[in-house]
Amino acid sequence: MLLYVNQGVVTINLPHAALSSGGDMKKFWSILDERLELCYRALMTRHNSLKGVKSDVAPILWQYGAYARLKEGETIDKLLYGGYSTISLGYAGLYETVKYLTGESQLEEKGYKLSIEIMQKLNDKCEEWNEKTNIGFSVYGSPIENATYKFAKALQRDFGIIEGITDKQYVTNSYHITPSQEINAFDKLAIESKFQELSSGGCISYVETPNLTKNVDVIIQLIQYMYENIMYAEINTTTSYCQVCGCRDLKMHEDLKFHCPNCGNDDFDKMNIALRVCGYISTNPFNDGRAEDIYSRVYHIDDKEFKE
């Protein structure tokens, strides 16, 4: 099996470009071009820092076949070109961007159209850079685990609080439909699959569900639909346990802390929480941005669909 090496990622804050334009579409595309040029320069800095690195720094990776079988003392330079490795243009906040510029989300006509145009722009830039450098640039839907909060704070710092755009402590992941927007699981997967086609360097979609252990049929239907319709997707659910009283139904409240509905315990050190954040399962406390994202999430499978 061939493993592709990634040289790193630089992620663009798309809503910042949109808000900087003041809603002027011509100005938005011009600012986006400027920001993408900054991303290119940053990515080339990452690339150039790898040139001259010798295989000896990680023999298992570079000499014994995990990535390659280079000789001792040989540099990895030749593997940085020609498509053997990739380097990623990340992006975040597509929802906030089109919501600000069109007043619509990706679920509506104008919002969807602009979303596709922006994604195509990112792909066109990567192709342009590929041709210029012979380096494998690709568009990557960044999980932005810490950046979701940093990007949101930057938006509030520079533009203040704008209802529906900067009034939360997180920026929506990549192309995702924003966590609080109501949508059926199958419809969400169908629409997000269109964006995955334009995020070939990396992408992940999810549907949020309650405990489905009593509704295995729906789990099977979801997995089958994912297999047939989308490149990479996950089913999110929360596993929890209160160490004080044994309750297994802990929920995050508006104060962005998990609470036990039975005994009131809200001490994270006295509970076990495991939930998928974006791409991996976390058991750690979350920064305020990611916590608010989790709190905002709606279920994409309705309770009425459950079997008792």
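Tyr225 counts as partly exposed because its relative accessibility is 21% (buried means under 20% relative accessible area, exposed over 50%, and partly exposed in between, with a 1.4 Å probe and protein chains only). The model is a predicted one, so local features need pLDDT of at least 70 and side-chain atom pairs count only at pLDDT 80 or more, while totals for chains, interfaces and linings use all residues. Residues are numbered from 1 along each chain as its sequence is written, and side-chain values use heavy atoms, with hydrogens and water left out.

On to the rings. Rings of Phe, Tyr and Trp (its six-membered ring) pair if their centres lie within 6.5 Å; planes under 30 degrees apart are stacked, over 60 edge-to-face, and the rest tilted. That rule gives 8 aromatic pairs. In one of them, Tyr40 and Trp129 have ring centres 5.2 Å apart and planes at 35 degrees, so this pair is tilted. Tyr40 belongs to helix H2 (residues 25–50) and Trp129 to helix H5 (residues 109–133), so the pair ties together parts 89 residues apart in sequence. Helices (H or I, at least four residues) and strands (E, at least two) are DSSP runs, numbered from the N terminus. Tyr40 and Trp129 are both buried. Phe186 and Tyr225 make an edge-to-face pair, because their ring centres are 5.3 Å apart and their planes stand at 85 degrees. Here Phe186 sits in helix H7 (residues 185–196) and Tyr225 in helix H8 (residues 216–229), so parts 39 residues apart in sequence are tied together. Ring pairs also link Tyr40, Trp129 and Phe137 into a cluster.

Trp129 and Phe137 turn up again in the largest nonpolar core, which has 35 residues; along with Leu89, Tyr91, Leu94 and Met119, they touch the most other members. Such a core is a set of buried Ala, Val, Leu, Ile, Met, Phe, Trp, Tyr and Cys residues joined through side-chain atoms within 4.5 Å. Among the elements that give two or more residues to this core are strand S1 (5–13), strand S2 (85–92) and helix H4 (94–102). H2 provides the largest share, 8 residues.

Next come the charges. A salt bridge is a side-chain nitrogen of Lys or Arg within 4 Å of a carboxyl oxygen of Asp or Glu, and the count comes to 14. Glu96 bridges to Lys168, with the closest N and O atoms 3.0 Å apart. This pair links distant parts of the chain, since Glu96 is in helix H4 and Lys168 is in the loop between helix H6 (147–159) and H7, 72 residues apart. Glu96 counts as buried at 1% relative accessibility, and Lys168 counts as buried at 10%. Asp293 and Arg290 also form a salt bridge, their closest N and O atoms being 2.7 Å apart. Both lie in helix H9 (residues 288–296), 3 residues apart, or about one turn of the helix, and both Asp293 and Arg290 are buried.

Asn134, though not a glycine, has a positive phi of about 65 degrees; it lies in the loop between H5 and S3. Leu256 has a positive phi near 65 degrees and is likewise a residue other than glycine. Leu256 is found in the loop between strand S7 (251–252) and strand S8 (258–259).
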